[in-house]
Amino acid sequence: AAPGGRDRAIFSGQERSKKMTNRRRTLKTAPPEKPMSIKTYLEGIYDYNYWANHRYLKAAESLTNEQLFHKQGDGSTSIHGTFLHMLSTETIWLKRWQGEAPKQELTAIDFPSLTGIQNGWVDIEKQMRSFLAAQNDKSLQEDTVCIGFNGNTFHLLLWQMMAHVPNHNTHHRSELAAMLTLMEIPHLEDETVQYFLIKSGQRQE
């Protein structure tokens, strides 16, 4: 064996044991992390939701009316129609949580232009944020009854329904991304990780 080999092995083993002991001591004395509340989680995904929506609305400002209303793919919707559906969904769900029973979606008659949709979203964002701010973890876990377009009732925990809205918009933003790409209209990334990187200062807006 090399001179001092056994001593080095003993020393190395002692150092590892000491480091593990110190680590265990640190873990025992460190205060436990407070779990994220449901409200904090919802505030985060709604912040992301509106950040991403604003990016797509900004990209759409460069479109002509023909591009805005052009139906693509299977011909069932347009960029204007997709934005309108997203805005309508937010409006309908908020009204349901407030005890109302909307009978139908918003129509293009009410929001015939992109500017109209943008203004409508400014209003619904304020209302949605105000509604969320008024909640707590107890109210968010309450069983909430809503009435669908067909008059039938259904119920879920409030936080479960509130989580649906940002998820629904993410789905439709992917459709907007595809339509803008087909028209060769540039649009910024909107992935959740990009939002948090920008928010943390690791990337520029």
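Are Tyr 46 and Tyr 50 buried or exposed? Tyr 46 is buried, and Tyr 50 is buried too; buried means under 20% relative accessible area, exposed over 50%, and partly exposed in between (1.4 Å probe, protein chains only). The model is predicted: local features need pLDDT of at least 70, side-chain atom pairs count only at pLDDT 80 or more, and totals for chains, interfaces and linings use all residues. Residues are numbered from 1 along each chain as its sequence is written, and side-chain values use heavy atoms, with hydrogens and water left out.

**View A. Tyr 46 and Tyr 50 in helix 2.** Rings of Phe, Tyr and Trp (its six-membered ring) pair if their centres lie within 6.5 Å; planes under 30 degrees apart count as stacked, over 60 as edge-to-face and the rest as tilted. By this rule there are nine aromatic pairs. The pair of Tyr 46 and Tyr 50 is tilted, at 6.3 Å centre to centre and 45° between the planes. These two residues are about one helical turn apart because they are four residues apart in helix 2. Helices (H or I, at least four residues) and strands (E, at least two) are DSSP runs, numbered from the N terminus.

**View B. Phe 83 and Trp 121, an edge-to-face pair.** The ring centres are 6.2 Å apart, with 85° between the planes. Phe 83 lies in helix 4 and Trp 121 in helix 5, so the pair ties together parts 38 residues apart in sequence. Phe 83 counts as buried at 2% relative accessibility, and Trp 121 is buried with a relative accessible area of 4%.

**View C. The largest nonpolar core.** A nonpolar core is a set of buried Ala, Val, Leu, Ile, Met, Phe, Trp, Tyr and Cys residues joined through side-chain atoms within 4.5 Å. The largest has 39 residues, and Tyr 46, Ile 79, Phe 83, Trp 97, Trp 121 and Met 162 have the most contacts inside it. Helix 2, helix 4, helix 5 and helix 7 each supply at least two residues of this core. Helix 7 gives the most, with nine residues. Apart from this core lies another, of five residues, among them Tyr 48, Trp 51, Ala 52 and Tyr 195.

**View D. Arg 96 over two rings.** A charge sits over a ring if NZ of Lys or CZ of Arg is within 6 Å of the ring centre and within 35 degrees of the ring normal. The charged end of Arg 96 sits over the ring of Trp 93, 4.9 Å from its centre, and over the ring of Phe 149, 5.3 Å from its centre.
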